[in-house]
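Trainee: Could we go through this one together, chain by chain and then across the interface?
Mentor: Happy to; let's bring it up first.

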Amino acid sequence: MDFKELDPILHSQLRLAVVSLLISVKEAEFTFIKEKTNSTAGNLSVQVNKLKEAGYIEVIKQFKDNYPQTICRILPAGIAAFEQYVKNLQSYLSIEK
Amino acid sequence: MIEDKDLTGAESLRIIQQMIGAARDEHHEKGDGWLFWGWLLFIASVSSVIFSYLSLNRYIGYVWTGILVIGPAIYFIWNFRKQKDTEVKTYVQDLLHKISVAFYISLVVIIISGYFKVSSSFAFGYYYMLYAFWMYIHGSALRFKPLIAGAYINWAAAILIFAIEPFRYDMMVSSVAVLFGYLVPGYMLKAAYNKRLMVK
C-alpha cells in the first residue's frame, strides 16, 4: 500500500485538535476551543493563525456586548484537508501494523 | 494540556476521536422552553375548562389569543438573547432552529385556519399533532426519551380531541396532555441538565 505523507499543517497536536473540533460544529468561539483543547490563549492564537493562513479555517472577529469575540469556522479547503489527512492516516496505520 | 509537538499515528487518531466526542456532547438543553410553553398552555387549558363551567365562554378566546400573541413574542426575544450567548453552534442546533421556524409557521397557519373553516376543536387537534411532531424530532435529536414519550402523549391527545365533544372536554384532554407531555419531560430535561453541570 502507498504511504502518503501526512499534511504538516494538520500533523500537530493542537492544530489537529482545533480542526477535529471545528469539523463537528458549525462554528465555535475561541474561548470554547481553548476550553475543549485545554490550551493556552497564546499558543492557540498562533495555531489558529497558521490554520487561517493555510485557508483551512475562517476567523471572524467581532464585538458581543462591548467585548471582543473571535469565532472560528472550518472552510471547504479545511474539510478536504482533514478528510485527506484521515485517509492518509488510515493507510499509514495499516502499514505500521 | 494539548501541546504543539509531533504526533504518532495512534496519537492523531486519539485526538480526532476525543475532539469529535467533545463537540458531539455539546448539544444539550435546559428544558426552559418546554417549561415556558408547558405552563402557558396548561394555564390556558385549565382556565378554559373553568370559564366553560362558569359559562364565561367569551374569555376563553381572550386567554388563547393572549397566549398565542404574547407567548411567541417573549419566546423569540428570549431565544434570540440565548443564541447570542452560546459559545458554539452545532449542526444539530442549526437544524432544530430551522425546524422550529417551520413549526411556528405551521402553527400560525393552523391558527389562521381556525378563523376560517376549521372548528376550534379541530384546530386544537392539529396543534397537538404538530407539537407531537416537533417533540418527536427534538427528543430524537437530543436522544432524550421522555420528550419522545411526550410526543406519543400529544399524538394520543390529538386523536382524543378530534374524537370527543364538547370543547370543555377537549380542554381537559389538553390540560392532561400538557401536564404529562410537556411539563413532566421539561422538568426531567432540566434535572438532566443540572445533573450534567454537577458532574462537570
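Mentor: Chain B is made of 7 helices and 1 strand. Keep in mind as we talk that this is a predicted model.

Trainee: Is chain B a compact globule or more spread out?
Mentor: For 200 residues the globule rule gives 16 Å, and the radius of gyration of chain B is 21 Å, well over that. The C-alpha atoms fill a box of roughly 75 × 25 × 25 Å along the principal axes. Because the radius is well over the rule's value, chain B is more spread out than a compact globule.

Trainee: How much area do chain B and chain A bury between them?
Mentor: Start with the contacts: 27 residues of chain B touch 34 residues of chain A. Carbon and sulfur atoms account for 59% of the buried area. The area itself is about 2,800 Å².

Trainee: Which residues form a salt bridge between Glu27(A) and chain B, and at what distance?
Mentor: The rule finds 2 salt bridges across this interface, alongside 5 residue pairs in polar contact, both residues at pLDDT 80 or more. In one of the salt bridges, the side chain of Glu27(A) meets that of Lys89(B), with N to O at 3.5 Å.

Trainee: Which element gives the largest share of the side of chain B that touches chain A?
Mentor: At least two residues each come from α1 (9–24), α3 (57–85), β1 (88–90) and α4 (91–115) of chain B. The largest share is 10 residues, and it comes from α1(B).

Trainee: What is the bridge partner of Val25(A) in β1(B)?
Mentor: Strand β1 of chain A, residues 25–29, pairs with β1(B) in the antiparallel sense, over 3 bridges. Within that pairing, the partner of Val25(A) is Thr90(B).

Trainee: And in β3(A), what is the bridge partner of Glu29(A)?
Mentor: β1(A) also runs antiparallel to β3 of chain A, residues 67–74, with 2 bridges joining them. There, Glu29(A) has as its partner Ile71(A).

Trainee: Which residue in the hairpin of β2(A) and β3(A) takes a positive phi?
Mentor: β2(A), residues 57–64, pairs antiparallel with β3(A) over 8 bridges, including the one between Val59(A) and Cys72(A). The hairpin has 2 residues between the strands, and the residue with a positive phi, near 50°, is Asp65(A).

Note on methods:
Residues are numbered from 1 along each chain as its sequence is written. Chains are lettered from A and ligands numbered from 1 in the order in which they are written. This is a predicted model: local features need pLDDT of at least 70, side-chain atom pairs count only at pLDDT 80 or more; totals for chains, interfaces and linings use all residues. Side-chain values use heavy atoms; hydrogens and water are left out. Contact means heavy atoms within 4.5 Å. Buried area is the accessible area (1.4 Å probe) that two parts lose on being put together, summed over both. A salt bridge is a side-chain nitrogen of Lys or Arg within 4 Å of a carboxyl oxygen of Asp or Glu. A polar contact is a pair of N or O atoms within 3.5 Å; within protein, one must be able to donate a hydrogen and the other to accept it, and residues adjacent in sequence count only if both atoms are side-chain atoms. Helices (H or I, at least four residues) and strands (E, at least two) are DSSP runs, numbered from the N terminus. Two strands pair if DSSP finds at least two bridges between them. The radius of gyration is taken over C-alpha atoms; the globule rule is 2.2 Å times the number of residues to the power 0.38.
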